Amino acid sequence: MTDFQAPEKPPRHEESATPVMIVTGPTAGGKSGLALELAERLGGWIINADSMQVYRDLRVLTARPGAADEARAPHRLFGVLGAEERCSVGRWLDMAVAEIAAARAAGRLPILVGGTGMYLKALTEGLAPVPEVPAEAAAEATALYDSLGGAAFVEVLAERDSAAAATLPPGDRQRLIRAYAVAHATGRTLADWQGSAPTGPAVAAQFTTVLVLPPREALYAACDARFTAMLNAGALDEVRALLARGLDGSLPALRAVGVRELGAVIRGEATLEQAADKARQATRNYAKRQLTWFRHQLAPDLILDRGGADAASDDLSTKIKKFIAVRDV
């Protein structure tokens, strides 16, 4: 992509640092297929870095690797949490660091694959020192939201954190409550805390980042085709089973693209065709937001205009070996 302007890359760790590979890119871009092929060529251990693929309830709707793929190389952190749980950046980071250590102990190359920018940033740069919010402050914020409703709560939040109130929608209960609780408990906004210097990389590593960045038209077409494939693979029944559990609608798993849209079909509020069109548009919008993030936040070592297994050419493997310089294919 000739219009991609990566930010300046921070200094690498010393060359003796243990390598960790990151394969990332927008949804439906083919990064999972590429990562799997590279894992076979390089003796890799694939570690999930997608915030929705951690949930076991949504194998189809989040395009998690299937059993055949998992048999070709070790896969970790896929489907490890139930939809009733919340996976924060910090929680994922703790699990990912443990899996990186396990991969190293097994003599394998850790390969992080996923498009959740916050996860990758936390791994490579560390977390900003946001303090723990006292339970009383969180409980107070929760009670206030539940009593006022989202729209009124946003107005109250604006008095303490105008930026959060301006950017978060009234229905984003979890993040609104957290923004209020942090500001109330510490006197500083969440954005102020997050703007503090991060703690540094979570692991001592020589990170090698491969960014899969297909042309936009091809990417959007892939988004549309993949959602059609999801429907054919049983996405509607998957969402039906998830909603039957009666879980809190603010849980991350219930905010996955396609859950709300297919939920409308289940409730008789939309036809499957209408819901599919909305879900395809939501997927394209998500891919667009990811492209923006990569453009401004990521400093990749290699940029590919396509993903999938066929992108893992001998030439690419040679380039990657030059970066990591630790093993033969």
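This is a predicted model: local features need pLDDT of at least 70, side-chain atom pairs count only at pLDDT 80 or more; totals for chains, interfaces and linings use all residues.

Visitor: How do you know what span is expected of helix 5, and what span does helix 5 reach?

Guide: The expected span is 1.5 Å times one less than the number of residues. Helix 5 (residues 135-148) has 14 residues, for which 20 Å is expected. From its first C-alpha to its last, helix 5 reaches 20 Å, close to that expectation.

Visitor: Which residues of helix 5 are called buried, and what makes them so?

Guide: They are Ala137, Ala141 and Tyr145. The label requires under 20% relative accessible area, so each of these three lies below that cut-off. They cover an arc of only 70° around the axis, which puts them on the same side of helix 5. What covers them includes helix 6 (150-158) and helix 8 (173-186).

Visitor: Why are strand 2 and strand 3 said to pair?

Guide: Pairing calls for at least two bridges. Strand 2 (residues 44-48) and strand 3 have two bridges in the parallel sense, so they qualify as a pair. Isoleucine 46 has histidine 75 of strand 3 as its bridge partner.

Visitor: What makes strand 3 and strand 6 edges of the sheet?

Guide: The six strands form an open sheet in the order 3-2-4-1-5-6, with parallel pairing. Strand 3 (75-76) and strand 6 (302-304) each have a single partner strand, so one side of each is left without a neighbour in the sheet.

Terms used. Residues are numbered from 1 along each chain as its sequence is written. Side-chain values use heavy atoms; hydrogens and water are left out. Helices (H or I, at least four residues) and strands (E, at least two) are DSSP runs, numbered from the N terminus. Buried means under 20% relative accessible area, exposed over 50%, partly exposed in between (1.4 Å probe, protein chains only). The arc is that of the directions from the helix axis to the C-beta atoms. Contact means heavy atoms within 4.5 Å.
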